[in-house]
Amino acid sequence: MPSPDLKKETKAYALQQGVDLIGFVSAEHLNEVTPTRYKPSRLWPEAKTVISIGKRLLMGAVAVGTGEMVQNARWVAWRTNEYLNSRAMEIAHFLERQGARAFPMSNGTMVDPDFTNLGIYGELSHRHVAAEAGLGTIGVPTYIVTPQFGPRIYFNTILTDAELEPDPKLDFDPCGDGCNKCVKACPNGAISRGRKLIKKRLCIPSAMPHGVRVLQEYIRKIMEEKDPEERIKLLEDFDFARLHRATVQGVGTIAGCFHCLAACPIGRNQVT
Ligand code: SF4
Ligand code: SF4
């Protein structure tokens with residue numbers, strides 16, 4: 001039987017593991033408010049609590065990521081997500097040692113068999129879980145804006161069958177009516193105010209520069225090349241090596257563009 005202090009203990013453990021933000025929301029509430037089929041009940045009907053954890057993106061990566069030499073910043077973004085994945089695993093093990101059952105989610109795993117949106121859907125929307133768990137507000141560009149770090153933070157999620165007290169939603173409106181800094185900063189015009197939608201067709205080439213679509217196109221180019229020598233050249237091309245690196249390191253497969261993140265004034269000076 002889990003301890004009555006399990007929420008407090010889980011929070012303390014997560015912070016000790018290096019997590020920057022943690023919040024709790026009931027699975028029942030998420031099942032009610034999630035407008036899509038990506039609800040906790042679809043994945044694990046017995047889950048009672050959904051835990052959101054966040055790790056901020058290093059400001060150095062945001063600074064470098066808006067310049068010409070962006071590759072290493074993309075690597076930092078990917079590693080930040082991996083960091084969160086391993087913390088989610090540790091927290092789930094912690095919960096199970098306390099007598100609950102727990103299930104850590106992944107970041108960036110493609111799970112949609114219908115291949116909607118290039119299959120780039122998680123089982124849950126980490127950012128929406130974080131907003132419902134009181135960690136921030138979904139802002140104009142659909143990412144979550146937190147008071148502490150603005151949008152420069154990634155999230156992951158853990159489900160548990162332990163009933164832990166939910167946190168209240170934040171009363172926080174970062175975007176108001178006047179701020180359009182992220183809209184203006186986007187080099188592709190992908191953000192529009194009002195609809196709270198990023199135009200994915202415009203964003204994805206920058207946000208996922210080495211994503212699945214680029215890989216498909218490159219392979220198609222090789223397959224369609226009739227001249228054997230030209231085919232060899234394509235295999236020996238720098239782009240091929242770059243896509244190979246992306247495949248083994250994750251670099252640029254997600255989180256490849258930093259302009260809208262850098263522009264947001266919220267939490268810019270916060271470093272702890
Ligand atoms: S990630 Fe880049 S392309 Fe996408 S909305 Fe932000 S600034 Fe625009
Ligand atoms: S830059 Fe302004 S409009 Fe965009 S997310 Fe930040 S606060 Fe909201």
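In helix α1, the residues Leu 6, Lys 7, Thr 10 and Ala 14 are buried, a residue being counted as buried if 20 or more other C-beta atoms lie within 10 Å of its own, as exposed if 12 or fewer do, and as partly exposed in between, with C-beta atoms placed from the backbone. Seen down the axis of α1, these buried residues fall within an arc of 95°, so they line one face of the helix; the arc is that of the directions from the helix axis to the C-beta atoms. On the other side of α1, Lys 8, Ala 12 and Gln 16 are exposed. The model is a predicted one, in which local features need pLDDT of at least 70 and side-chain atom pairs count only at pLDDT 80 or more, whereas totals for chains, interfaces and linings use all residues. Residues are numbered from 1 along each chain as its sequence is written, and chains are lettered from A and ligands numbered from 1 in the order in which they are written.

The cover over the buried residues of α1 includes β1 (21-26), β2 (49-56) and α5, where helices (H or I, at least four residues) and strands (E, at least two) are DSSP runs numbered from the N terminus. Helix α1 (residues 6-16) packs with helix α5 (residues 71-97) at an angle of about 145°, with their axes 10 Å apart; axes are lines fitted to C-alpha atoms, for helices over the stretch in contact, and angles run from 0 to 180 degrees between N-to-C directions. In this packing, Thr 10, Tyr 13 and Ala 14 of α1 meet Arg 87, Ile 91, Phe 94 and Leu 95 of α5, contact requiring that the C-beta atoms of two residues, placed from the backbone, lie within 7 Å. After α1 comes Gly 18, whose phi is positive, near 105°.

Ligand 1 is surrounded by residues that include Pro 141, Cys 186, Asn 188, Cys 203, Cys 257, His 259 and Cys 260, a residue being near a molecule if its C-beta atom, placed from the backbone, lies within 6 Å of it. Helices α8 (200-207) and α12 (259-263) each supply at least two residues of this shell, and α8 gives the most, with three residues. Around ligand 2 there are 13 residues, the closest being Gly 139, Cys 175, Cys 179, Cys 182 and Cys 264.

Met 208 lies in the loop between α8 and α9 (212-224), and counts as buried with 21 C-beta neighbours inside 10 Å. Apart from its neighbours within four places in sequence, Met 208 is in contact with Thr 253, Ile 254 and Gly 256.
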